[in-house]
Amino acid sequence: MLPLLRASPFPKPLLRRPNCRTFSYHPSSSQKKTVGGITTPDSNLRSRRSPRGGGPVKIVEKCRDLGINSGGFYRPGYKDGAKLRLYMMCLGKNWDPESRLYEDYRQIDGAKAPEIPEFFRKLVDRAIRASHDFLRQDYKDVNIEDEVPNMSPDICIVNFYNNSGKLGLHQDRDESKKSLHKGLPVISFSLGDSAEFLYGVERDADNAEKVVLESGDVLMFGGISRLIYHGVSCIHPNTAPKRLIEETKLRPGRLNLTFRQY
Ligand SMILES: O=C(O)CCC(=O)C(=O)O
Ligand SMILES: [Fe+2]
């Protein structure tokens with residue numbers, strides 16, 4: 001269970017239902033689907049090894065490398081002592097699920113957060129540009145900068161879910177007021193097994209929208225959707241691309257990287 005959320009200190013319009021939109025683009029099926037509230041553009045994350053050196057294999061290898069060193073993966077807990085159903089590692093800044101604060105040194109072992117690798121930042125940049133191209137092409141009436149404002153990530157939270165992993169509905173709202181007010185997007189990369197991702201204007205899992213995030217999908221929520229409730233209801237076992245597993249020996253489960261700007 002997530003701790004109770006405080007009343008929002010942020011302007012109401014960020015949560016207004018009529019303006020919530022989702023654009024979802026699944027490059028694997030060449031299908032463009034509008035599902036209402038968030039953006040998932042083509043990310044180049046599906047190509048085996050991107051020519052510019054930022055493909056999924058390299059991301060998994062980098063996360064593994066960082067994950068076993070200082071500041072690497074651990075199983076975080078909430079205030080009430082319950083453990084999250086995932087392993088987490090923070091890059092750039094540490095985020096503590098118990099206090100909901102960003103800190104230089106994490107509570108569990110005093111480790112400093114490793115730097116965000118430069119090629120991760122480049123991938124984020126490319127994903128933002130891809131989403132702008134996508135919006136320009138298919139949603140001529142939207143203001144691109146309002147929908148997906150540009151941002152430069154200084155936080156990356158890396159989660160690893162095994163096959164029984166999940167994450168309750170929550171808002172990402174611990175970044176600076178300025179960042180939230182501007183609607184700077186949360187940009188999420190999914191690798192490995194697919195996940196059922198829930199989202200909605202309210203914290204109500206029964207009535208939340210659903211989208212399956214596959215390996216290689218990028219999902220963004222910014223602008224008016226920045227404070228959308230979201231979570232992972234389940235992982236679909238054995239759905240990771242075979243090649244990715246063969247090349248990385250990634251264990252069963254799902255790796256997710258979310259980037260934000262504090
Ligand atoms: O794993 C995901 O897709 C979501 C992760 C998330 O919401 C978070 O880290 O705040
Ligand atoms: Fe989140």
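Which residues have the most contacts inside the largest nonpolar core? They are C156 and V158, in a core of 49 residues. A nonpolar core is here a set of buried Ala, Val, Leu, Ile, Met, Phe, Trp, Tyr and Cys residues joined through C-beta atoms within 7 Å. A residue is called buried if 20 or more other C-beta atoms lie within 10 Å of its own, exposed if 12 or fewer, and partly exposed in between, with C-beta atoms placed from the backbone.

The structure is a predicted model, in which local features need pLDDT of at least 70 and side-chain atom pairs count only at pLDDT 80 or more, while totals for chains, interfaces and linings use all residues. Residues are numbered from 1 along each chain as its sequence is written, and chains are lettered from A and ligands numbered from 1 in the order in which they are written.

The protein chain has 5 helices and 14 strands. Helices (H or I, at least four residues) and strands (E, at least two) are DSSP runs, numbered from the N terminus. Of the 262 residues of the chain, 42% count as buried. Two residues are in contact if their C-beta atoms, placed from the backbone, lie within 7 Å. Among contacts between residues at least 6 apart in sequence, 72% join residues at least 24 apart.

In soluble globular proteins, nonpolar side chains tend to be buried together. In this model, the largest nonpolar core has 49 residues, and strand β7 gives the most to this core, with 6 residues. Leaving aside residues up to four places away in sequence, C156 touches L91, G92, I116, F120, L257, T258 and F259.

Which residues surround ligand 1? They are I157, N159, L167, D172, S188, F197, H230, V232, N256 and T258, where a residue is near a molecule if its C-beta atom, placed from the backbone, lies within 6 Å of it. The elements giving two or more residues to this shell are β7 (155–161), β13 (229–236) and β14 (254–260).

The loops complete the picture. D154 is found in the loop between α3 (144–147) and β7. With 18 other C-beta atoms within 10 Å, D154 is partly exposed. Its contacts, apart from neighbours within four places in sequence, are G92, K93, Q261 and Y262. V201 lies in the loop between β10 (194–200) and β11 (209–213), and it counts as partly exposed because it has 19 C-beta neighbours inside 10 Å. V201 and Y229 are 28 residues apart in sequence, yet 6.0 Å apart in space, C-alpha to C-alpha.

Most residues other than glycine have a negative phi. R100 has a positive phi, near 60°, and belongs to the loop between β5 (94–96) and β6 (101–103). N238 likewise has a positive phi, near 55°, and lies in the loop between β13 and α5 (242–248). R100 is partly exposed, with 16 C-beta neighbours inside 10 Å, whereas N238 is exposed, with 10 other C-beta atoms within 10 Å.
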